Amino acid sequence: MKKTYTKYILIGLAFIIAPFLQQLGVISSSSIIVLGTVMFYSIVSIGLNVLLGYSGLISLGTAGFMGMGAYISAYLTQDLGLPFILSLIISVTIPLFIGLIIGLISLRIEGYYLAIATLGVAEIFRQVFVELDFFTGGFSGKNAGYPDLGVFTLDKMWTYILIAVCLIAIMIITHNIVYSRSGRALLTMRGSEPAAQAMGINLLKYRLMAFGIATLYAALGGVLYVHFIRFAYPSGWNVNLSLQILAVIVIGGMRTITGPVLGAIVVFGVPELILKQLPIIGNVDGLAYIFTGILIIVVILFYPNGLIYIGNDIKKLFKRRHHEKETVSDH
Amino acid sequence: MKKKPCLTINDLTISFGGIKAVDHLNFHILESEIYGLIGPNGAGKTTVFNCITQFYKPNTGSVMFASRNNDLLNLVTMKTHQIISHGLVRTFQNVELIHELSILDNLLVGAHVDFTSTVLQHAFRTKKAREEERLLLERGKDILKFLGLDDKMHDLIGGQPYGILKKVELGRTLMSHPKLIILDEPAAGLNDTETLDLARLLKEIRSNYNCTILLVEHDMRLVMDVCDRICAISFGKKIGEGTPLEIQSNKDVQEAYLGKVDDEDETSTDIR
Amino acid sequence: MSTFLQLLFSSLETGSVYALAALGIIIIFRTSRMTNFAQGSIGMFNAFIATFFLLKTGAPTIVALLVGMLSAFMTGILVDVGIMRHGKNISPISRQMITFGLIMLFLGIAPMIFGSSPMSFPRFIKQGSVEIIGASVTYNAILNISVGIALMLALFYFLQKTKWGLAVRVTASNEETAQLMGVPTKTVTMGAWAVAASLGALSALMLAPAISVNVSMMDNVQINALIACVLGGFQTFYGPVLGAYVIGLTKNMLSYYVSSTWGGALLYVLFLIFIIFKPNGLIGKKRIKKV
């Protein structure tokens with residue numbers, strides 16, 4: 001067990017090194033922002049992974065819940081002057097309740113019907129974000145500041161480090177959940193509802209759990225977003241973002257904890273950090289979407305377990321070559 | 001000493017779109033018995049099964065079960081997922097195991113109801129959560145040893161041979177120390193050797209784990225070998241109940257399986 | 001009364017746009033057993049092609065429309081043969097997610113080829129309107145409504161009365177059995193994608209004059225088409241079409257009589273409430289799971 005925690009801590013540390021590298025001039029300041037977004041999108045994606053990968057339930061409203069967390073926290077800290085920690089707690093709790101309601105609804109509708117229903121929910125959110133402009137600032141968006149922890153206010157680097165710490169914590173906590181009795185219940189619910197019921201697993205309770213976790217993580221991601229980027233605007237929380245987060249777990253690997261992190265690096269990191277720097281095609285509009293779109297299709301068709309398993313497959317390839325070499329030299 | 005009834009089916013009826021799938025069925029199972037439910041294809045065996053385990057709700061009738069503390073409970077009033085907590089576990093004809101979990105993990109799901117740790121306790125790996133997991137693992141490993149599968153415990157279910165899948169599902173039922181195990185065609189798809197092995201296993205389970213077993217089965221050799229008593233149904237109605245010997249010589253049962261037999265026919269009329 | 005009639009006619013027009021898109025979705029669903037979330041995106045992309053053609057050649061609008069539908073036809077074939085066919089053995093959820101990938105692909109290709117600024121596409125009949133019982137209806141609207149209904153009737157006739165239509169219905173019912181019966185299911189699926197894509201392009205170009213040709217033009221239509229399929233049920237071809245008109249009417253009514261800003265959102269709230277009580281839609285049938 002402790003060995004796997006080390007893996008997560010190392011990943012977090014790898015991200016944390018970045019601002020120090022930036023101070024040394026090795027990487028640019030804008031790269032820090034990109035890495036920060038990769039981290040909080042990882043958190044949101046890990047949540048969606050619990051919902052879709054482990055529990056087999058689909059939601060296209062993830063972006064909406066991120067937006068909710070973002071706007072509520074921005075309002076609470078800017079307009080009401082609440083300290084960050086308190087605002088964080090409130091900003092994840094309110095979306096959590098709405099997420100639980102959707103979990104209730106999900107008992108009645110399944111599969112692609114559920115996907116379509118969550119689309120409807122996402123649209124309602126989008127309209128609310130635009131119209132409730134005393135709260136969200138409407139089309140002009142909403143500002144927020146770096147987290148104010150009461151005693152002192154964080155700056156960009158320390159907010160970044162805060163996000164990394166949150167990511168490590170989320171990875172460890174989620175790992176604990178999916179490898180526990182609760183996690184097995186979720187997987188059983190996904191694999192066979194009759195078996196789950198026969199084994200005493202209350203489908204309602206575990207659907208609520210799945211939606212609860214996914215919504216909580218999405219709202220947390222939104223709060224971290226708004227206090228790092230320090231700005232949120234309504235058209236950003238659209239279905240395309242929800243689809244990108246879905247792409248993260250499909251490409252990275254469902255039913256693993258580190259898969260979503262890899263996927264977030266690929267979907268949110270690579271386009272900004274690598275593709276845009278390429279000569280000629282770097283400036284082409286829509287390159288990121290094409291890249292992600294092709295990757296989803298290729299991964300689903302040819303690598304359905306996700307890119308996270310590439311490491312395993314390379315190891316197997318080496319083992320086989322080594323084995324073949326041995327048998328040949330036997331003759 | 002007279003044995004107590006474990007499960008009593010009273011006047012069970014269920015219809016699907018005007019057709020009576022089960023028609024005023026009555027039978028009872030005594031404690032520590034191995035009891036068989038047989039009948040030709042389409043007789044309604046699986047429907048009865050689902051009515052007992054509350055995957056279907058019957059139109060009329062009751063399913064009275066003697067729980068662990070000897071209360072008499074009518075299962076019809078309960079929800080599907082509540083059944084196991086009273087001591088009644090089932091298997092599935094389609095072997096409903098989870099491909100993404102290991103053999104051991106699939107077993108552990110069987111004892112899900114016996115523990116109370118919450119998801120928050122799991123998230124932070126509290127003492128209680130760790131202790132429960134330890135107990136669960138112990139139980140699981142014991143059953144794996146009993147089944148002879150402990151060398152495979154971490155193998156994934158996906159890709160295992162059919163005989164092993166059937167064994168694992170059987171093991172899963174034992175995890176919650178049940179009072180009554182109901183098996184849906186446990187011999188389906190097994191060859192002769194595996195069926196003999198299953199017969200031995202069932203008798204061992206009855207004595208080692210001190211439980212009652214209800215079998216819904218097609219394989220006559222298995223049924224006649226292990227069952228203490230049998231109920232035969234056809235078109236949803238009971239056509240015979242008794243010991244294997246009594247059932248074998250029951251004319252109605254023979255007719256249901258073989259059709260009406262002429263007196264002049266020389267063919268053996270025993271059902272084997 | 002005349003406002004109501006006015007609303008009715010504009011609902012018929014909106015309904016036609018949704019119905020064509022919904023028909024495309026249901027055709028693919030019933031033959032390939034998957035929900036095409038990219039119906040709108042494919043329509044959008046080919047609307048760009050049609051508009052580009054129009055700009056470069058100055059041809060009549062109807063010709064540009066046909067060019068758009070033709071390129072959509074080929075896009076559909078390409079998608080089926082190049083992508084979907086490789087995924088024959090994967091789960092329906094995964095196939096659905098491939099369509100999410102398609103959405104992104106077209107979302108990226110469109111601005112790459114055509115730039116990010118919206119383009120304008122004119123109406124088929126540029127001017128003129130007529131008075132019907134006090135409501136003023138443009139000739140263009142009448143054309144759209146008639147073409148929509150005519151096309152759908154033609155498709156239903158095709159499905160019910162022709163040999164190929166039978167092939168489609170058989171493939172829709174059970175693909176394996178259809179193959180055993182000698183039905184060329186690969187051609188049927190390919191044709192389904194081609195026709196669905198063309199319907200999507202037509203839907204987009206009918207809509208284009210009102211909101212201009214841009215990358216997000218079909219987003220609303222896509223969602224409403226999917227909701228139409230849920231309302232009408234995925235078990236029939238005509239269900240989603242009916243659902244589409246119901247949605248068009250409800251949306252316009254809500255926008256006018258209740259609130260123009262919240263009309264759309266209210267529609268979705270009503271839809272959610274409806275789906276909770278009738279999870280199988282207006283016409284859909286419930287399947288009993290066998291255990």
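This is a predicted model: local features need pLDDT of at least 70, side-chain atom pairs count only at pLDDT 80 or more; totals for chains, interfaces and linings use all residues.
Me: At what angle do the axes of helix H1 and helix H2 of chain C cross?
Reply: Helix H1 of chain C covers residues 2–32 and helix H2 of chain C covers residues 39–57. Helices (H or I, at least four residues) and strands (E, at least two) are DSSP runs, numbered from the N terminus. Axes are lines fitted to C-alpha atoms, for helices over the stretch in contact, with angles running from 0 to 180 degrees between N-to-C directions. The two axes come within 10 Å, and the crossing is roughly 120°.

Me: Which residues of H8(C) make the contact with H6(C)?
Reply: Helix H6 (residues 163–173) and helix H8 (residues 185–211) of chain C pack at about 100°, with axes 10 Å apart. That makes H6(C) roughly perpendicular to H8(C). H6(C) gives C:Ala167, C:Val168 and C:Thr171, and H8(C) gives C:Thr185, C:Val188 and C:Ala192.

Me: How many residues of chain C are in contact with chain A?
Reply: On the chain A side, the elements giving two or more residues are helix H5 (111–131), helix H11 (239–252) and helix H13 (287–302). That side has 24 nonpolar, 6 polar and 4 charged residues; Ala, Val, Leu, Ile, Met, Phe, Trp, Tyr, Cys and Pro count as nonpolar, Asp, Glu, Lys and Arg as charged, and the others, Gly among them, as polar. In the contact, 34 residues of chain A face a chain C count of 38.

Me: Which strands stand at the edges of the sheet in chain B?
Reply: The sheet is open, with 6 strands in the order E6-E7-E8-E3-E9-E10 and mixed pairing. Two strands pair if DSSP finds at least two bridges between them. One side of each edge strand is left without a neighbour in the sheet, because each has a single partner strand; the edges are E6 (88–90) and E10 (237–242).

Me: Which residue takes a positive phi in the hairpin of E1(B) and E2(B)?
Reply: Strand E1 (residues 5–16) and strand E2 (residues 19–30) of chain B pair in the antiparallel sense over 8 bridges. B:Ser15 stands opposite B:Lys20. The hairpin has 2 residues between the strands, and the phi, near 55°, belongs to B:Gly17.

Me: What is the radius of gyration of chain B?
Reply: The radius of gyration is taken over C-alpha atoms, and the globule rule is 2.2 Å times the number of residues to the power 0.38. There are 9 helices and 10 strands in chain B. For 272 residues the rule gives 19 Å, so chain B is as compact as a globular protein of that length, at 20 Å.

Conventions. Residues are numbered from 1 along each chain as its sequence is written. Chains are lettered from A and ligands numbered from 1 in the order in which they are written. Two residues are in contact if their C-beta atoms, placed from the backbone, lie within 7 Å. Angles under 35 degrees count as roughly parallel, over 145 as roughly antiparallel, 65 to 115 as roughly perpendicular and the rest as oblique.
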